Amino acid sequence: MGLLRLSVTTEKLRLSAPFRISGFVFEEQEVVVVTLTDGRHRGRGEASGVYYLNDTAPTMTAAIESVRSHIEAGVDRAALQSLMPAGGARNAVDCALWELDAQRARTPVWKLAGLPPPKPLLTTFTLGADDPPKMAARAQKYAQARALKLKLTGEVEIDVARVAAVRAVRPGVWMGVDANQGYTSAHSSR
């Protein structure tokens, strides 16, 4: 495969509005960006990790740096699977390798992977838990969305009001709810 040059950076992406879930409020998202170059071609990949698995920008960066010499020696996608455990760090490197290989082959990644051409998919827009009127206003803002996911917190009365407020302004939308760690099995008996 040949020698590679690895660059690992972190970017902070500011959210357009605070995103609240059970127990947390996010105002920005840190992502790790991996760039691999071979002198002629470049591949990029990124990952944001999963905070509750301690898969954060610093831990992902450290994981990538710990195998830098293997990556720069010319690791391929198959070898990467045994070199790094599943998670954000491996995802970022894997995505960069896919793009690098696609650039080298002058073919789209989907073809390289043996997949059919991409087609539009239904996107689910997620609304963070907030006051019911604010959630309803955001639901209206996503007028083009055919599917909405509502983050809930486990506070049954306000969660019911959140769902009702969104349903009132978007009666025909597919709606799912996600209480993350806000609900327990005890809630199912209510």
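I began with Arg77, which lies over the face of Trp98 at 3.5 Å from the ring centre. I count a charge as sitting over a ring if NZ of Lys or CZ of Arg is within 6 Å of the ring centre and within 35 degrees of the ring normal.

A note on the source: this is a predicted model, in which local features need pLDDT of at least 70 and side-chain atom pairs count only at pLDDT 80 or more, while totals for chains, interfaces and linings use all residues. Residues are numbered from 1 along each chain as its sequence is written, and side-chain values use heavy atoms, with hydrogens and water left out.

**Entry: aromatic pairs**

I looked up the ring pairs next. A pair of aromatic rings is described by the distance of the centres and the angle of the planes. Rings of Phe, Tyr and Trp (its six-membered ring) pair if their centres lie within 6.5 Å; planes under 30 degrees apart count as stacked, over 60 as edge-to-face and the rest as tilted. The structure holds five aromatic pairs. One of them joins Tyr51 and Tyr52, edge-to-face, with 5.2 Å centre to centre and 90 degrees between the planes.

I then checked accessibility, where buried means under 20% relative accessible area, exposed over 50%, and partly exposed in between (1.4 Å probe, protein chains only). Tyr51 is partly exposed at 29% relative accessibility, whereas Tyr52 is exposed at 54%.

Phe125 and Tyr142 form a tilted pair, 4.8 Å centre to centre and with 35 degrees between the planes. For the elements I use DSSP runs numbered from the N terminus: helices (H or I) have at least four residues and strands (E) at least two. Phe125 lies in strand S4 (residues 124-127) and Tyr142 in the loop between helix H6 (132-141) and strand S5 (147-151), so this pair ties together parts that are 17 residues apart in sequence. Phe125 is partly exposed at 23% relative accessibility, and Tyr142 is partly exposed at 25%.

I also noted a cluster: ring pairs link Phe24, Phe26, Tyr51 and Tyr52.

Which residues bring H1 and H4 into contact? I first looked at the axes, which are lines fitted to C-alpha atoms, for helices over the stretch in contact, with angles that run from 0 to 180 degrees between N-to-C directions. Helix H1 (residues 57-66) and helix H4 (residues 88-105) have axes that come within 8 Å and cross at roughly 60 degrees. That makes H1 oblique to H4. The cut-offs for the angle are under 35 degrees for roughly parallel, over 145 for roughly antiparallel, 65 to 115 for roughly perpendicular, and the rest for oblique.

The crossing of H1 and H4 is right-handed. A crossing is left-handed if the near helix is turned anticlockwise from the far one by less than a right angle, and right-handed if clockwise. On the H1 side, the contact is made by Met60, Ala63 and Ile64, and on the H4 side by Gly88, Ala89 and Val93. Contact means heavy atoms within 4.5 Å.

I turned to H6 and helix H7 (residues 156-169), which pack at an angle of about 30 degrees with their axes 8 Å apart. H6 and H7 are therefore roughly parallel to each other. H6 passes H7 in a right-handed crossing. From H6, Pro132, Met135, Ala136, Ala139 and Gln140 meet Ile158, Ala161, Arg162, Ala165, Val166 and Val169 of H7.

**Entry: Asp130**

Is Asp130 buried or exposed? I found Asp130 in the loop between S4 and H6, and Asp130 is buried, with a relative accessible area of 18%. Leaving out residues up to four places away in sequence, Asp130 touches Met135, Arg138 and Arg162.

**Entry: Val109**

I placed Val109 in helix H5 (residues 109-112), where Val109 is partly exposed at 34%. Val109 touches Trp98, Glu99 and Ala102, again not counting residues up to four places away in sequence.

**Entry: positive phi**

Most residues other than glycine have a negative phi. I noted Asn54, whose phi is near 60 degrees, in the loop between strand S3 (42-47) and H1. Arg106 has a positive phi of about 55 degrees although it is not a glycine. I found Arg106 in the loop between H4 and H5, exposed at 74% relative accessibility.
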